[in-house]
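I opened the notebook on this chain with a few things to look up, and I set them down here in the order in which I took them.

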Amino acid sequence: MNQKIFRALERARRCPQNIRFSDLSKICEHYFGKPRQLGTSHRIYRTPWAEDPRINIQDNHGMAKAYQVKQVLRALEKLEKQDEHKT
């Protein structure tokens with residue numbers, strides 16, 4: 001994992017209400033690929049599971065919304081659990 005992504009992820013875990021939208025976007029792109037939607041205040045990323053197959057994040061004056069940061073963190077935990085079951 002890229003060092004910038006790792007540091008941004010650690011900041012998100014410590015303080016989800018103080019994360020830049022650009023940092024959360026980089027985290028999502030690293031784990032979920034390019035967003036389906038660009039050019040608006042929202043970015044939508046696909047997840048690899050069937051139920052609730054997307055992550056939606058929103059730019060709020062340069063910052064990410066805390067509840068969306070928490071949703072991304074829960075999705076990453078789910079992704080990690082899936083990877084553990086594959087091995």
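Which elements each supply at least two residues of the lining of the largest pocket? I looked this up in what is a predicted model, and found that β2 and α3 each meet that count.

Entry on confidence. Going through the elements of the chain, I found the lowest mean pLDDT, 89, in helix α3, which runs over residues 66–86, and the highest, 95, in strand β3, residues 63–64.

Entry on the largest pocket. I noted a space of about 210 Å³ for the largest pocket, and I listed its lining as Thr-47, Trp-49, Asp-52, Arg-54, Ile-55, Asn-56, Gln-71, Arg-74 and Ala-75.

Entry on Thr-47. From the lining I picked out Thr-47, which I located in the loop between β1 (42–46) and β2. Is Thr-47 buried or exposed? I count Thr-47 as buried, because its relative accessibility is 9% and the cut-off for buried is under 20%. I then followed its side chain to that of Trp-49, with which it makes a polar contact at 3.2 Å; Trp-49 is itself one of the lining residues of the largest pocket. Setting aside the neighbours within four places in sequence, I found Thr-47 in contact with Phe-32, Asp-52, Pro-53, Arg-54 and Ile-55, and I noted that Asp-52, Arg-54 and Ile-55 are also among the residues lining the pocket.

Entry on His-61. I stopped at His-61, which has a positive phi of about 60° although it is not a glycine. I placed His-61 in the loop between β2 (54–60) and β3, and I count this residue as exposed, because its relative accessible area is 80%, where exposed means over 50%.

Entry on Asp-23. Last, I turned to helix α2, residues 21–32, where Asp-23 is found. With which residues is Asp-23 in contact, leaving aside its neighbours within four places in sequence? I found Ala-8 and Arg-11, and I also recorded that Asp-23 counts as buried, at a relative accessibility of 14%.

Notes
Residues are numbered from 1 along each chain as its sequence is written. This is a predicted model: local features need pLDDT of at least 70, side-chain atom pairs count only at pLDDT 80 or more; totals for chains, interfaces and linings use all residues. Side-chain values use heavy atoms; hydrogens and water are left out. pLDDT is the predictor's confidence in each residue, from 0 to 100. Helices (H or I, at least four residues) and strands (E, at least two) are DSSP runs, numbered from the N terminus. Buried means under 20% relative accessible area, exposed over 50%, partly exposed in between (1.4 Å probe, protein chains only). On a 1 Å grid over the protein atoms alone, a cavity is a set of points where a 1.4 Å probe fits but cannot get out, and a pocket is an open set with protein on both sides within 12 Å along at least five of seven lines; lining residues have an atom within 4 Å of a point. Grid points are joined across faces, edges and corners, and a volume is the space filled by probe spheres set on the points. A polar contact is a pair of N or O atoms within 3.5 Å; within protein, one must be able to donate a hydrogen and the other to accept it, and residues adjacent in sequence count only if both atoms are side-chain atoms. Contact means heavy atoms within 4.5 Å.
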